[in-house]
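Hi everyone, thanks for coming.

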Amino acid sequence: MESAGRAGAAAGAGPGALRRTLTFRDLVVYGLLFIAPMAPVGIFGTLQAKSHGAITVVYGVATVAMACTAYAYAQMVRVAPGAGSVYTYARVGLGDGAGFVAGWMAMLDYLLIPAVAYLFSGIALHALVPAVHQWVWTALAVVVTTLLNLWGVRTAAVVGFVVLAMELAVLLVFVGAALYVLVSAGAERGWSEPFTGEGGFAPLAVLSAVSVAVLSFLGFDAVASFAEESAGGASRVARAVLSCLVVAGVLFAVQTYLAALLAPMSAAELAAEPGEQGGAFYATADAAVGPWLGKLVAAGKALGAAFAALAGQAAAGRLLFAMARDRRLPGAMAGVDARRGVPRRALLAAAVVTLVAAVWAARRDDGLDQLSSIVNVGALTAFGLLHASVIGWFRFRARERAGVPGVLRHVVVPLLGLAVVAAVLVAAAPTAQVVGGCWLLVGLVALAVRHGRRSRAGGAVTEHEAGTEGTAGD
């Protein structure tokens with residue numbers, strides 16, 4: 001394991017290396033930006049309807065479920081603290097082929113989640129300034145955040161901190177206003193209803209809602225992509241991953257509990273009127289406090305979405321950089337800007353793909369539905385390979401034999417994580433499953449072609465590949 005850590009650390013050394021400038025706060029900011037503190041706002045009504053009103057339990061269960069994945073990241077970032085995140089971990093724990101597949105599937109997620117976030121921002125800004133089409137606002141958001149990412153990871157982190165503080169301030173205003181209304185006028189629903197549901201607790205309904213709610217947490221894993229830029233090493237990254245999950249889980253539970261108490265429509269009414277689900281949170285703010293709060297929440301959501309995309313684009317750039325450095329993608333993307341210390345070409349490549357996808361979706365009436373249906377399959381498949389990597393490294397490659405504690409950490413917890421991933425993938429929309437399957441098939445074909453070329457070339461590998469592959473076999 002020590003040799004793996006040294007190999008990963010070595011990846012951050014040398015003239016073409018990423019710069020270790022990110023503090024613990026910076027890492028948490030990137031993670032929370034990508035997750036977005038107000039992520040439940042858009043799906044509040046859907047989760048209320050699915051869970052029969054037990055939305056706070058839904059987010060509690062989802063937080064525990066995703067804790068398995070966060071714990072897996074925290075373990076593997078210490079083994080292989082490289083910029084490629086799950087791509088690097090799967091290479092170390094399962095081998096080169098699995099690493100490529102993990103990186104390939106994560107790429108689908110990292111490139112399209114920012115596109116969805118940019119589209120959310122464009123839609124919100126178009127609502128505020130209808131004279132400008134939403135695709136123009138969407139493209140502008142891509143350009144502005146790309147420039148910030150190219151300016152340097154520290155600059156982006158500082159700006160991100162300011163934006164995150166504004167998001168949290170909006171959320172604090174909502175919490176304060178909701179508490180005032182609850183104290184002065186009382187609740188629309190029973191105080192325990194967000195836990196027990198309407199008319200009794202329905203376990204299957206809650207589990208169905210959890211399969212949707214876990215998608216609110218996608219993004220905390222992006223913190224691991226900055227392992228080579230953390231000033232405190234792998235242990236600081238591990239703590240940041242876990243901290244992001246805990247903070248997000250608390251914020252999600254608090255805001256949904258308060259909104260559920262004040263909601264003018266019951267869960268049954270929302271289930272009967274699907275068209276009301278998307279705006280249920282805003283409608284709650286309007287009805288309970290006033291239109292000003294609904295507009296404030298919408299503005300906070302718009303700003304947060306753009307900078308969630310900033311963090312996602314930065315993570316995508318690091319993934320492309322790591323895969324290019326290992327010759328899994330064109331080597332041109334493996335360069336690091338000497339002045340700014342960022343993978344400039346990889347960031348630009350990620351920005352171009354995201355821009356095309358976001359603008360395409362912004363010009364279609366069904367664009368948001370099309371993008372949203374496929375963004376999660378890549379991440380969930382990569383999560384599954386991450387859990388398998390923990391088992392592969394600690395139980396086989398590192399020959400870990402730590403008794404019962406080792407079995408719990410390195411077998412039981414990863415298997416639980418795999419079960420959660422499998423359940424969510426089964427519950428995914430058919431369109432998402434088809435697109436994810438096609439993307440996986442293309443990746444497998446690319447892997448087979450690359451393997452054939454490498455065999456004809458006599459199995460030559462780059463110096464970086466040799467270091468990683470040798471580590472994996474320790």
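**A few spots to look at**

Let's start with Trp439, which is partly exposed, with a relative accessible area of 24%. Before I go on, keep in mind that this is a predicted model.

So what does Trp439 pair with? Trp439 and Trp104 form an aromatic pair. The pair is stacked, with 4.5 Å centre to centre and 15 degrees between the planes. And it links distant parts of the chain: Trp104 sits in helix α6, residues 96-128, while Trp439 sits in helix α19, residues 430-456, and the two are 335 residues apart.

Elsewhere, ring pairs join Phe44, Phe174 and Phe281 into a cluster.

Phe44 also shows up in my next stop, where α3 meets α4. Helix α3 covers residues 44-51 and helix α4 covers residues 55-79. How do they pack? The angle is about 100 degrees and the axes are 9 Å apart, which means α3 is roughly perpendicular to α4. On the α3 side we have Phe44, Leu47, Gln48 and Ser51, and they meet Ile55, Val58 and Tyr59 in α4. By class, that contact has 5 nonpolar residues, 2 polar ones and no charged ones.

Last stop, cysteines. How many disulfides are there? The count comes to 0, going by sulfur atoms within 2.5 Å. As for individual cysteines, Cys244 is buried, with a relative accessible area of 0%, while Cys438 is partly exposed, at 45%.

That's my tour, thanks!

Definitions and conventions:
Residues numbered from 1 in each chain as written. Predicted model: local features only at pLDDT ≥ 70, side-chain atom pairs only at ≥ 80, totals over all residues. Heavy atoms only, no water. Axes fitted to C-alpha atoms, helices over the stretch in contact; angles between N-to-C directions. Helix = DSSP H or I, 4+ residues; strand = E, 2+ residues; numbered from the N terminus. Parallel < 35°, antiparallel > 145°, perpendicular 65-115°, else oblique. Contact = heavy atoms within 4.5 Å. Nonpolar A, V, L, I, M, F, W, Y, C, P; charged D, E, K, R; others polar. Buried < 20%, exposed > 50% of the residue type's maximum accessible area, 1.4 Å probe, protein only. Phe/Tyr/Trp six-rings, centres within 6.5 Å; stacked < 30°, edge-to-face > 60°.
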